[in-house]
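Dear colleague,

I am handing over the structure below, and after it you will find my notes on what turned up when I went through it. Please read them with the model open beside you.

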Amino acid sequence: MTNEPTQDQPINVIYIAGWGRSGSTLLARILAQFDGITHLGELRTLWVDGFKHSNLCGCGQPLKQCGVWQAVIGSAFGDIEEIDAKAMTALRRRQEPQSQKLLKLLMLPGQQQKFMTESAAYRTVLATLYRSIHRHHQGATIVDDSLHPGYAYLLNQVANIQLHVVHLVRDPRATAYAWAHRQKQGLGIYQIRDSALGWGLRNTVTELLGWQRSVPYMRVRYEDFVQNPQATVDAVLALAQVTPRNSPFVGAAEVDLGVTHSAFGNSDRFNTGRTPIQFREMWKQQMAPEERRQVTRLTLPLLLRYGYQL
């Protein structure tokens, strides 16, 4: 293998944070089409979701049979069939700060040293995993669309990882409608009220994370992204100091998507070929008026801060 990165070479990570149903999979996959960038999905849930017996890699193969993942996991942790995914998941859940705990860590810096000690074991796991991904992809920038700010906070404490946070925001009424629509298909887990409250907390904590001087940060509205995708992608690449090579754009709002080996994410990760980037606002016509008012009330401060109309 040529140009293999050294053990102490910085690992460039573009981390997409925010609330679900906000276009993160599409943004991550577009970024991964550029030379020197790779996307392996929502790595936060690799152990709990990626290692499920029924889960497929983005290439279409069962994850454990995918050659890319066999190489990444094999060089980092040993035989992929021998990984104790339940133990890894339990460790992450113990040591990754949820949004409420992260809020305290960000507001009370004196608590951070204690957290560093408590999270040492899982940060070692992350260092090993991301180093292996980096090495097997010839030092490529890694796009991780795990969304959760607590996981981003952990990554930012891992030696040699250079984290860049892209805070992706979408109108909370649109995300609440999208989650409810998934529920009708038996896929989602958030009711309208829960989505609104989760949207507010997740985005508040992500924004606070962006105030940390050690974290390069930018906020992107989904609505701006899908209406001007090339400008958004260029801005993200500039944040991560990545020189764009071999753009996947075949038009102002169309990309040519290749296969990515994403461990987990929504079903759009399997789509390949020429893909139009479409701006959809079905919620404006189809969301029940009372549900729309409820979400607006629960998210009003941030809704206005992010420039959304009532």
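A polar contact here is a pair of N or O atoms within 3.5 Å, where within protein one atom must be able to donate a hydrogen and the other to accept it, and where residues adjacent in sequence count only if both atoms are side-chain atoms. By that rule, a polar atom of the His164 side chain lies 3.2 Å from the backbone oxygen of Gln162.

Before going further, please note that this is a predicted model, in which local features need pLDDT of at least 70 and side-chain atom pairs count only at pLDDT 80 or more, while totals for chains, interfaces and linings use all residues. Residues are numbered from 1 along each chain as its sequence is written, and side-chain values use heavy atoms, with hydrogens and water left out.

To stay with His164 for a moment, it lies in strand β4, residues 161-169; strands (E, at least two residues) and helices (H or I, at least four) are DSSP runs numbered from the N terminus. At 6% relative accessibility His164 counts as buried, a word that stands for under 20% relative accessible area, with exposed meaning over 50% and partly exposed the range in between (1.4 Å probe, protein chains only). Leaving aside its neighbours within four places in sequence, His164 is in contact (heavy atoms within 4.5 Å) with Asn12, Val13, Ile14, Tyr15, Pro216, Leu239 and Ala240. Gln70, by comparison, is 94 residues from His164 in sequence, and the C-alpha atoms of the two are 27 Å apart in space.

On the protein as a whole, there are 14 helices and 8 strands, and the C-alpha atoms fill a box of roughly 55 × 50 × 40 Å along the principal axes. The radius of gyration, taken over C-alpha atoms, is 19 Å, and this agrees with the value near 19 Å that a compact globule of 310 residues would have under the rule of 2.2 Å times the number of residues to the power 0.38. Buried residues make up 51% of the 310, and of the contacts between residues at least 6 apart in sequence, 77% join residues at least 24 apart. The accessible surface, from the Shrake-Rupley method with a 1.4 Å probe, comes to about 14,300 Å², of which 49% belongs to carbon and sulfur atoms.

Turning to the helices, Thr25 has its place in α1, residues 24-32, and is buried at a relative accessible area of 5%. The helix α1 is itself largely enclosed by the rest of the structure, because 8 of its 9 residues are buried, among them Ser24, Leu27 and Arg29. The side chain of Thr25 makes a polar contact of 3.2 Å with the side chain of Asn266, and beyond its neighbours within four places in sequence Thr25 is also in contact with Asp145, Asp268 and Arg269.

Asn203, in helix α10 (residues 192-210), counts as buried at 0% relative accessibility. Its side chain is joined to that of His167 by a polar contact of 2.8 Å, and a polar atom of the Asn203 side chain lies 2.9 Å from the backbone oxygen of Trp199. Outside the four places on either side of it in sequence, the residues in contact with Asn203 include Gly18, Trp19, Leu302 and Tyr306.

Ala176 lies in helix α9, residues 172-184, and is likewise buried, with a relative accessible area of 0%. Its contacts, again apart from neighbours within four places in sequence, are with Ile192, Ser195, Met287 and Val295, whereas the C-alpha atoms of Ala176 and Asn203, 27 residues apart along the chain, are separated by 14 Å.

With best wishes
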